[in-house]
Every structure is written in structure tokens, then in C-alpha cells.
Amino acid sequence: MPKKKGMMMASFSLVVAASLLVGGANVGAVASNLESTSEIESTSVSLAATDIPAKFKPSVEWVWKNRIVKEGSTNRKNLIFDQIYAGKGTLNYVVRWQSPKNLTLQQRKDMASMLSRQVNNWNKQLKGYDGWPYDNITVKIVGWAVANPSQILNKQSNENVYTDAITDDLSKTNPNIPAKLPVAPDALSRFEHFTDPNYTYPGGLDKRFDMYLWGTANFQGGAGGDWGQRMSDDYILSTLNSDEVHITEHEMGHGFGLPDFYEESDRPPGGFPTPTIMWAGNSSKITEWDTWMLRYTWSQVKKDPSRFLAR
Ligand SMILES: [Zn+2]
């Protein structure tokens with residue numbers, strides 16, 4: 001697949017061309033990744049050492065230098081690292097529900113818990129490492145962007161429902177994709193305002209949202225970037241109670257700046273010492289290699305003294 005400046009795109013066996021189009025059309029210059037993943041069980045996570053073990057060092061350093069730096073994946077100061085700092089240890093989501101399916105109150109509660117587990121599955125790899133200050137991230141769903149407000153069954157008084165919509169260009173080439181694409185207010189979006197240090201969110205910081213969890217009917221594979229994670233509505237609904245949600249975790253990895261590894265030239269010459277969730281199909285869980293790649297990336301991006309100030 002072609003790579004564009006400022007945008008990482010890659011494919012796996014099931015990616016349809018139309019998915020690539022929507023990624024480009026809807027997320028602009030944002031780092032974005034699209035792919036499908038297959039289910040392969042794999043290794044567990046190590047939280048042990050504070051220095052990178054010798055077996056991980058060559059591959060992790062290679063990926064940093066030859067992929068992340070070259071592709072500029074960490075240049076935008078809106079990585080999940082940045083989002084967590086700006087939110088003082090919190091991450092706020094809006095669920096963008098591009099689907100005709102209703103959502104029960106229980107499903108909505110489970111969706112928030114599922115997101116919290118996935119964010120914290122990544123965050124716990126950083127706990128106690130090289131000055132990372134947040135042992136646990138408070139993850140909230142602060143809004144629901146839907147085609148029809150009646151889809152939010154038994155709506156609670158503290159739930160925000162948004163019904164504005166734009167047209168999804170993907171629907172023009174793939175008639176199975178709903179044309180109506182719900183949106184949350186730009187005024188509340190960190191993605192739209194992170195470059196402006198003086199911006200204040202209407203109602204305060206708690207009211208902003210950092211990312212979308214974006215569920216699209218009939219969507220193939222997944223997409224991820226600093227704007228959030230996109231996959232099919234059915235995939236989200238079928239993984240609400242899973243501990244590690246393969247595609248969701250993988251797409252979050254892109255939000256931290258981690259790349260895909262589809263082509264041989266994308267991968268370290270000596271290979272990986274363990275599987276990695278960022279190589280589609282290689283692992284369905286975060287592995288030791290992912291832990292060290294995430295930690296190494298944090299150690300590098302924190303060197304910018306202007307970047308991680310808010311605490
Ligand atoms: Zn990917």
C-alpha cells in the first residue's frame with residue numbers, strides 16, 4: 001500500500017480499498033492505520049526490569065530510528081501520552097456510533113469498562129517506568145454520537161447524546177457502509193484544539209473528549225490514530241466483556257505512536273525476540289516486546305522539555 005507523508009497506512013489480508021479511502025478522507029493528515037487482524041494467541045507481559053533487556057534492545061532501537069522517527073509518528077503532540085498528560089491522568093471518549101443498532105444501558109456501561117481495560121492494559125506497561133506519573137488512567141465515555149437519539153435506550157440524565165452528522169465518503173464506494181456519520185461538537189474535541197495552549201473547552205476540561213471509539217456497520221478490519229479507534233459495530237459489541245481486545249488494543253498502539261509491520265522492510269532485520277500485537281496476526285495480546293517499544297517511545301518523546309508539562 002502507498003505511504004503518504006504524515007499518514008501511515010498499511011494493509012493485511014482483509015483490508016478493502018474503500019477502507020483506505022475513508023481513512024484518508026476523514027482523518028486528513030492524521031497518523032492513521034488500517035488493517036485486519038487475525039486471532040493468534042501469544043505471550044504474556046513482563047513488568048520486570050527498569051532497563052531495556054539486551055534481547056529487546058536492537059529491534060526496539062531499530063524500529064524507533066528507522067520507522068517512528070523517519071515516519072514522524074510521534075511529531076504531533078496529540079499522542080495518547082500527550083492526551084493523558086493534558087487530562088491529568090484521564091482520557092475522555094465519545095462513542096461515534098455509525099450503526100443502526102440500539103445500545104442498552106448495560107452495553108454502554110460495558111463499553112466504558114472495556115475501553116478502560118484496554119487503555120490500562122497499555123498504561124500498566126508504563127507504570128513506574130522512567131518518570132511516567134500515572135499508575136492508572138480514569139477513562140470515561142462523555143458522549144454518544146448517534147444517527148438517531150432513540151438508539152440510546154433508557155438514556156440517563158447525565159448522558160450526552162449528539163445527533164449532528166456528516167456524510168461518510170466511504171459509503172459512496174461501499175454501499176454497505178452507512179452514509180450518515182455522526183459527529184460530536186468540534187468545540188469539545190482535543191483533536192481539534194491541541195495545538196492551541198490557550199484554548200478552553202466550553203464547560204471545562206472535564207467536558208472535552210480526546211478520542212472517538214468509532215463503530216461502523218460492515219466495516220472491515222480496524223483503523224487507529226490520535227483521533228481514536230475504528231472498527232465494526234459488531235466487533236465492539238462482541239468484545240465488551242473481553243479483557244484484552246485484540247483490534248482495539250492494536251489500534252490504541254498507533255495512538256501511542258507505534259507502527260505496523262506488514263512488509264518485510266518494515267520489520268527489524270534481526271526479527272522480533274517475541275511476537276508483537278503491532279504486527280497484525282502475530283499476537284492478539286500486548287507482549288514484552290510491545291511493552292519495551294512503548295517504554296522506549298515514552299523515554300524518547302519525554303526528552304522534549306516543552307511537551308509534558310501539565311500534571
Ligand atoms: Zn495497525
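Colleague: Which residues does Leu-213 touch, not counting residues up to four places away in sequence?

Modeller: Contact means heavy atoms within 4.5 Å. On that basis Leu-213 touches Tyr-93, Val-94, Val-95, Arg-96, Met-111, Met-114, Leu-115, Gln-229, Met-231 and Ile-236, with residues up to four places away in sequence left out. This is a predicted model: local features need pLDDT of at least 70, side-chain atom pairs count only at pLDDT 80 or more, and totals for chains, interfaces and linings use all residues. Residues are numbered from 1 along each chain as its sequence is written, and side-chain values use heavy atoms, with hydrogens and water left out.

Colleague: Which residues have the most contacts inside the largest nonpolar core?

Modeller: A nonpolar core is a set of buried Ala, Val, Leu, Ile, Met, Phe, Trp, Tyr and Cys residues joined through side-chain atoms within 4.5 Å. Buried means under 20% relative accessible area, exposed over 50%, and partly exposed in between (1.4 Å probe, protein chains only). The largest core here has 55 residues, and Leu-213 is one of those with the most contacts inside it, along with Phe-81, Tyr-93, Met-111, Trp-122, Met-293 and Trp-298. Helix H9 (residues 288-301) supplies the largest share of this core, 7 residues. Another core, of 16 residues, lies apart from it and includes Ala-145, Leu-181, Ala-184 and Trp-214.

Colleague: What is the bridge partner of Leu-213 in S9?

Modeller: Helices (H or I, at least four residues) and strands (E, at least two) are DSSP runs, numbered from the N terminus. Two strands pair if DSSP finds at least two bridges between them. Leu-213 has Gln-229 as its bridge partner in S9. Strand S7 (residues 211-216) pairs with S9 in the parallel sense over 5 bridges. Strand S8 (residues 222-225) pairs with S9 in the antiparallel sense over 3 bridges, and a hairpin of 2 residues joins S8 to S9. Gly-225 has Gly-228 as its bridge partner in S9. As for cover, 5 of the 5 residues of strand S9 (residues 228-232) are buried.

Colleague: How many residues of H8 are buried?

Modeller: In H8, 10 of 10 residues are buried, among them His-246, Glu-249, His-250, Glu-251 and His-254. After H8 comes Gly-257, with a positive phi near 100°.

Colleague: Where is Thr-239, and is this residue buried or exposed?

Modeller: Thr-239 sits in the loop between helix H7 (233-238) and helix H8 (246-255). Thr-239 counts as buried because its relative accessibility is 9%. Its side chain reaches the backbone oxygen of Tyr-235 at 2.8 Å. Beyond residues up to four places away in sequence, Thr-239 touches Met-114 and Val-245.

How values were computed:
A polar contact is a pair of N or O atoms within 3.5 Å; within protein, one must be able to donate a hydrogen and the other to accept it, and residues adjacent in sequence count only if both atoms are side-chain atoms.
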